[in-house]
Amino acid sequence: MNDYEQINLKDYTRSGEGGTAVSYTHKTRNTLAKLYNPGFEADRARAEFLTARTVFELGIPTPEPYRLVTDGERFGAEYELVRGKRSFTRIISEEPSRLEEISLTFAGCARKLHSTPADTSRLRSYKEVLTRFYKEKDLVPEAYKQRSLAFLATVPDTPNCIHGDLHIGNIITDGHRNLWIDVGEFSYGTPEWDVAIMWIMAQNIDASRSQALFHLTPEQMKDHWNCFLPAYLGTSDPKALADYTHSLLPYYAAKVPYVYDMAFHRPLPEISVERVEKMLSAY
C-alpha cells in the first residue's frame, strides 16, 4: 500500500468509464488517472501498472504509465494524457463512413503486435495464466475444467506479444500515433487468445452493451469484424475465413471463465456454461 500515492479527485475531471474502471483527467497536468471500480484489490491495480511499464519499456506504442494512485477507496494508476486522442471506436461512431478504413488500420496494428517477439522473462505466458486459473479455482463444472485443461495442453506457447483484451476500443490515436491502451492483461502466446474474444464481441453483443462499451451498434461491430478478419489473415477465401473462425471456438471457451471471474468476481452463469462448453468440442 505504501507505493500508492493519494490523489484528490477535485483536481480531476471524470472523463470516461469502462467495464471495470473509471478514468479522470487532471485539470492542469497532462495526466489521466484510471481507478478500478470498488471491489478490485490493490494488488490487481499494481500488477496492471507493472505490466504497463514493461510494455512501454519494450517499445510497444502505449501511453506512458507514471505512478500508482488511490482516492482512498479505489486503486489504479496515472498515465500520460494523449491530447486530442480518440479511440478507434469513437471515430467510427462519429464518422461511420470511416468504418472500413479504421478496421483495416486496426488489423494492421494487430498483425504488427502479434508478430512482435515478447520478452518472456518479463511477461506472462497466457497459456500458463489460464492453466493456473483452472487448477487453482473451482468456478466451472469438473467436466468443463478437464476439457479446458486438455485443450490448453495442445496450445502452442508462442513467444510473441498478445494484448490480452484485444478489441477496437482499446486503441487510440492523436492523428500521429496509434497507441494500445488497457494493457494490464498483456502477455505472450498464440494470437488466437486475442482474436477469439474479438470474434464473440462482434457476433454476440446486445445493443445496450455495444453502445456503452464501444459507442457502436451490433451491426457496426459485425461490419468491423468482416473488414478486420480478411485483412488480418491476408486472405478473403471464404473457406479459410470459416475454418479460422471455427478454430477460435475452444480458445474462447477456455478463456471466458477466467475473464468473467476477473471482471465480475463470480463464476460464469450456468446457462452460459452449458452453451460455451460445447465449443470445446471444436478442437
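**Entry 1**

I began at Arg124, which stands opposite Ser187 in strand 12. Strands here are DSSP runs of E, at least two residues, and helices are runs of H or I, at least four residues, both numbered from the N terminus. The model is predicted: local features need pLDDT of at least 70, side-chain atom pairs count only at pLDDT 80 or more, and totals for chains, interfaces and linings use all residues. Residue numbers start from 1 along each chain as its sequence is written, and side-chain values use heavy atoms, with hydrogens and water left out.

I then looked at the pairing around Arg124. Strand 8 and strand 12 (residues 187-188) run parallel and share two bridges. Two strands pair if DSSP finds at least two bridges between them. The open sheet has three strands in the order 8-12-9, with mixed pairing. Strand 8 (124-125) and strand 9 (161-162) are the edge strands, and each pairs on one side only.

**Entry 1: sheet 7-10-11**

I looked up another open sheet of three strands, with the order 7-10-11 and antiparallel pairing. Strand 7 (86-87) and strand 11 (178-180) are at the edges with a single partner strand each, so one side of each has no neighbour in the sheet. Strand 10 (residues 171-173) pairs with strand 11 in the antiparallel sense over three bridges. I found Leu179 of strand 11 as the bridge partner of Ile172. Helix 3 (residues 99-114) lies across strand 10 and strand 11, at about 55 degrees to strand 11. Axes are lines fitted to C-alpha atoms, for helices over the stretch in contact, and angles run from 0 to 180 degrees between N-to-C directions.

How many residues of strand 3 (residues 21-26) are buried? Six of its six are. Buried means under 20% relative accessible area, exposed over 50%, and partly exposed in between, with a 1.4 Å probe and protein chains only. Ala21, Ser23 and Thr25 point one way from strand 3, and Val22, Tyr24 and His26 point the other way.

I checked both partners of strand 3. Strand 2 (residues 12-17) pairs with strand 3 in the antiparallel sense over five bridges. Gly16 stands opposite Ser23. Val22 has Leu35 as its bridge partner in strand 4. Four residues link strand 3 to strand 4 in a hairpin.

**Entry 2: cores**

I listed the nonpolar cores, each a set of buried Ala, Val, Leu, Ile, Met, Phe, Trp, Tyr and Cys residues joined through side-chain atoms within 4.5 Å. The largest has 81 residues, and those with the most contacts inside it are Phe106, Tyr144, Trp180, Trp193, Trp225 and Phe228. Another core, of seven residues, lies apart from it and includes Tyr12, Tyr24, Leu35 and Val69.

Leaving out residues up to four places away in sequence, Trp193 touches residues including Tyr126, Phe151, Ile162 and Tyr251. Contact means heavy atoms within 4.5 Å.

The axes of helix 6 (residues 192-203) and helix 8 (residues 218-233) come within 8 Å and cross at roughly 145 degrees. Among the residues making the contact are Trp199 and Met198 of helix 6, with Trp225 and Phe228 of helix 8.

In helix 9 (residues 238-247), Leu241, Tyr244 and Thr245 are buried. Their arc around the axis is only 100 degrees, so they sit on the same side of helix 9. The arc is that of the directions from the helix axis to the C-beta atoms. The buried residues of helix 9 pack against helix 6, helix 8 and helix 10 (249-264).

**Entry 3: loops**

Most residues other than glycine have a negative phi. I noted His215, with a positive phi of about 65 degrees, in the loop between helix 7 (207-214) and helix 8. His265 has a positive phi of about 60 degrees and lies in the loop between helix 10 and helix 11 (270-277). His265 is partly exposed, at a relative accessible area of 46%.

Last, I looked up Thr120, in the loop between helix 3 and strand 8. Thr120 is partly exposed, at 41% relative accessible area. Not counting residues up to four places away in sequence, Thr120 touches Pro159 and Tyr188.
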